[in-house]
Amino acid sequence: MTETTDITELLLSRIRDVADYPEPGVVFKDITPLLADPTAFAALTGALAEVAGRTGATKVVGLEARGFILGAPVALRAGLGFIPVRKAGKLPGATLSQAYDLEYGSAEIEVHAEDLSAGDRVLVVDDVLATGGTAEASLELIRRAGAEVAGLAVLMELGFLGGRARLEPALAGAPLEALLTV
């Protein structure tokens, strides 16, 4: 068995399906058992830190909220700075904001204006790629701050929701790496 197969099996074995959450018909992918297992969490962090190295990232952006849980240890392990991208109104001080559309309504994310600048190569880290709306908005926000997008790395891609196709133009050739695709 290869190392990639080993980590894939380990990660999949620690993700729990929760039926009918948050609404009937949805199968929620719960990563809390993975986070509770230090071996699986370390393997996940190591795999994402390797992506950061391959992309030449100088900073890691984590998307609220589970992207914080994954992105911060990835940045630490890779020897990079960590930047939180938060929901609007959660950061003190001067921010850049980016609005985006959701399936029903809209949302807005923000980053501290001084945290990203020209010369930064930014890897965006999140737990799940679904429709890609938040990730797409984060890529725009990074570029508006003057930084370059190094790529997007996620634990899990929900392939049936089409997020990858939506993000390809916004990534402009930067890689999108999903450790798992379901």
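The crossing of helices α3 and α4 is right-handed: the near helix is turned clockwise from the far one by less than a right angle. This is a predicted model, where local features need pLDDT of at least 70, side-chain atom pairs count only at pLDDT 80 or more, and totals for chains, interfaces and linings use all residues. Residues are numbered from 1 along each chain as its sequence is written, and side-chain values use heavy atoms, leaving out hydrogens and water.

**Stop 1: the pair.** Select residues 38–55 for α3 and 66–78 for α4. Helices here are DSSP runs (H or I, at least four residues), and strands are E runs of at least two, numbered from the N terminus. The two helices pack at about 65°, with axes 8 Å apart. Axes are lines fitted to C-alpha atoms over the stretch in contact; angles run from 0 to 180 degrees between N-to-C directions.

**Stop 2: the contact.** Show F41, L44 and L48, among the α3 residues that meet α4. Across from α3, pick α4 residues including I69, P73 and R77. Contact means heavy atoms within 4.5 Å. The contact residues divide into 11 nonpolar, 2 polar and 1 charged.

**Stop 3: the sides of α4.** Which residues of α4 are buried? Select G67, L70, G71, V74 and A75. Buried means under 20% relative accessible area, exposed over 50% (1.4 Å probe, protein chains only).

**Last stop.** Click G79, which follows α4. The phi of G79 is positive, near 75°.

Definitions and conventions: Nonpolar A, V, L, I, M, F, W, Y, C, P; charged D, E, K, R; others polar.
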